Amino acid sequence: MSEEITLPKVRRSQRERRESTMAKLVEATIDSLREVGYAATSVKEVCRRSGVSHGGLFRHFPSMLELILAAAEEVARRQIAEFERRFWQAPLEEPSLHAAMRMLRDACRTPINSVWYELLVAARTDVPLRTALEPTIRRYYQAIRTTASRLPGIDSIPAELFETLLFTLVHVFDGESLARVVLPHPELEERRMELLVGLIELLQQRRA
């Protein structure tokens, strides 16, 4: 009978432990914002979800607002990474501007994107949140702009209209995502997409 081999435990460095704890707190905050909303995302709720003590939370984040901002940054990072992964690995067809539009709409409908909706609605009346969130949103919008500028076919859109068109699409799909939670209207949503595609095709034709 062979003897069981016990491997020695690898001790994590202080930096690794710190990063692991911070990741747990950020993940718990994202989940809380997504599942129970901004108002219910308290220190107690995040600590319960993460398994980190109150003291542990404040050792890594000076305030709950700092943790909320870290969660927002992480959501933005994941959304951009997932969009790029899905677009450039689209298996059945050559990536196109229209495919990108549909993927952008899908990104707005993902559960994790509801974190942004929670924060934006809360920031309307929460001045400290609104002030702190503005730089994060600016960076997120810049990342969206940079990603979109690399998409194939984007050069057929007049440069002076690119940013206006891009964020018009983002805001249309954001509004659509919020409204469909209460009143889904898939047929109208598809007609809206056809209309938007048609408008972009018209711009491309005029450019040509």
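**Salt bridges and cysteines in a predicted model**

At 57% relative accessibility, Arg138 counts as exposed (exposed means over 50% relative accessible area, buried under 20%, and partly exposed in between, with a 1.4 Å probe and protein chains only). Salt bridges that share partners link Asp31, Arg34, Glu35, Glu45, Arg48 and Arg49 in one network. This is a predicted model, where local features need pLDDT of at least 70, side-chain atom pairs count only at pLDDT 80 or more, and totals for chains, interfaces and linings use all residues. Residues are numbered from 1 along each chain as its sequence is written, and side-chain values use heavy atoms, with hydrogens and water left out.

- Side chains of opposite charge can pair when their charged atoms come close.
- A salt bridge here is a side-chain nitrogen of Lys or Arg within 4 Å of a carboxyl oxygen of Asp or Glu.
- The structure holds 21 of these salt bridges.

**A pair in helix H7**

- Glu134 and Arg138 form a salt bridge, at 2.9 Å from N to O.
- Both residues sit in helix H7, which covers residues 127-149 (helices are DSSP runs of H or I with at least four residues, strands are runs of E with at least two, and numbering starts at the N terminus).
- Glu134 and Arg138 are four residues apart, about one turn of the helix.
- Glu134 is partly exposed, at 41% relative accessible area.

**A pair in helix H1**

- Glu19 and Arg15 also meet in a salt bridge, at 3.1 Å from N to O.
- They lie in helix H1, residues 14-35, and are four residues apart, about one turn of the helix.
- Arg15 is exposed, at 63% relative accessibility.
- Glu19 is partly exposed, at 42%.

**A pair within the network**

- Arg34 and Glu35 are joined by a salt bridge of 3.2 Å, N to O.
- Arg34 is partly exposed, with a relative accessible area of 33%.
- Glu35 is partly exposed as well, at 47%.

**The annotated region**

- An unreviewed UniProt entry lists residues 42-61 as "DNA-binding region".
- UniProt positions follow the numbering used here, feature names are shortened, and annotations may be inferred rather than shown by experiment.
- Over residues 42-61 the chain is 75% helix and 0% strand.
- The end C-alpha atoms of residues 42-61 are 14 Å apart.

**Cysteines**

- A disulfide is a pair of cysteine sulfur atoms within 2.5 Å.
- By this rule, the count is zero disulfides.
- Cys47 is buried, at 7% relative accessibility.
- Cys108 is buried too, at 6%.
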